[in-house]
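Please keep the sequence and the coordinates in view while reading.

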Amino acid sequence: MRVKGILRTWMLPIAMLVGVLSYFVYANLPFLDNTHATANRAIAIIQPFLIFCMLFLSFCKINPKRLRLRPWHGWLLLIQCGSFLLLSLPAIFCKDADTKVLWESAMICMLCPTATAAAVITGKLGGNTTNLVTYTILINLATSIAAPAIFPLVNPAIGMGFFPSFLLILGKVFPLLMIPLLLAFLVRYLMPGLHKIIVKQKDLAFYIWSVSLTLALAVTTKIIVHSGIGLHYEIGIAVISLICCIIQFLLGKQIGGRYHDRISGGQSMGQKNTVFAIWLGYTFLSPITALAGGFYTIWHNLFNSYQLYRKQKKEGKE
């Protein structure tokens, strides 16, 4: 039981460390050079599958009748979308390419929707998963509207109007979010026996997320190593992503706490779908901007690890 408790507490930092080390070991074994393309294709299939399974398991524990709008949902949407719009102004009019990348990095960090794994971490921390899922749906909708409206102004070179961008983003985020949600609700009402078995699997979604996190950190490490930009650039983007992470966790917790939903508020705003953030950077801005999502992956998972450690320590004292 002690080993299991240690694993629960430190699973995220262990997964992160394994992901980073796995990349360096794999990339420096010459006899595996011919397998890199195959490995990239495999990760592109395995990671969405793991996220789908994780979401399905988490959503099975949610009663659809309890999915309701909460006052803090509106405040968090206002802050995320409002800050994105404000940050877009200097990005649009900035003439210096280097400075513009930093503004774009902040834009992506602030608008990026809630992570698909946030439901798992929120449940482990004792938060309200149902309220978080409601916000996740809302912020994905908001992102699908705000991003295609602003990105063509920031980077006219993409040559993509609102509706093509809107459909592209919608097609990227919603299948992986809505299909497991709908499937979980169908299982709840059509196969109650199976639903009871799934709900009993208390930690399975968390361990699946840990495997997915290992893959995500390996990919993040690859992006950072192969970015081809100066160290000062990387440090600047890393600092900006860290500041955005701290601000959003603090605001989310403060606002959520006013409505007795501190944990859900913090995770809703602070824990990001960084894979989507990286994709946004590559698709609409630049590969350099995509680094912001990679660094944010590190920051929010380190903070989640700390939160899980504190909770485990508190439970050990009680």
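M191 is partly exposed, with a relative accessible area of 40%, where buried means under 20% relative accessible area, exposed over 50% and partly exposed in between, with a 1.4 Å probe and protein chains only. The model is a predicted one, in which local features need pLDDT of at least 70 and side-chain atom pairs count only at pLDDT 80 or more, while totals for chains, interfaces and linings use all residues. Residues are numbered from 1 along each chain as its sequence is written, and side-chain values use heavy atoms, with hydrogens and water left out.

M191 is found in the loop between α7 and α8, these helices being DSSP runs of H or I with at least four residues, numbered from the N terminus. Together with L183, L186, Y189, L190, L194 and I197, M191 forms a nonpolar patch on the surface, with about 690 Å² of accessible area. The elements giving two or more residues to the nonpolar patch are α7 (162-190) and α8 (192-199), and the largest share, 4 residues, comes from α7. Such a patch is made of residues with over 30% relative accessible area and no salt bridge, nonpolar side chains (Val, Leu, Ile, Met, Phe, Trp, Tyr) being joined within 5 Å; a salt bridge is a side-chain nitrogen of Lys or Arg within 4 Å of a carboxyl oxygen of Asp or Glu.

Turning to the cysteines, the structure holds 0 disulfides, a disulfide being a pair of cysteine sulfur atoms within 2.5 Å. The sulfur of C53 lies 11 Å from the closest cysteine sulfur, that of C60, and so is too far for a bond. C53 is partly exposed at a relative accessible area of 22%, whereas C60 is buried at 0%.

The aromatic rings come last. Rings of Phe, Tyr and Trp (its six-membered ring) pair if their centres lie within 6.5 Å, with planes under 30 degrees apart counted as stacked, over 60 as edge-to-face and the rest as tilted, and by this rule the count comes to 8 aromatic pairs. The rings of F84 and F151 have centres 5.8 Å apart and planes at 90°, so this pair is edge-to-face; the pair links distant parts of the chain, with F84 in helix α3 (residues 71-93) and F151 in helix α6 (residues 129-154), 67 residues apart. F84 counts as buried at 0% relative accessibility, and F151 counts as buried at 0%. The rings of F276 and W279, with centres 5.6 Å apart and planes at 25°, are stacked, and both residues lie in helix α12 (residues 274-285), 3 residues apart, about one turn of the helix. F84, F151, F276, W279 and F284 form one aromatic cluster.

Methods
Patch = residues over 30% accessible without salt bridge, like charges linked within 9 Å, V, L, I, M, F, W, Y side chains within 5 Å. Areas by Shrake-Rupley, 256 points an atom, 1.4 Å probe, with all protein chains shown as cover.
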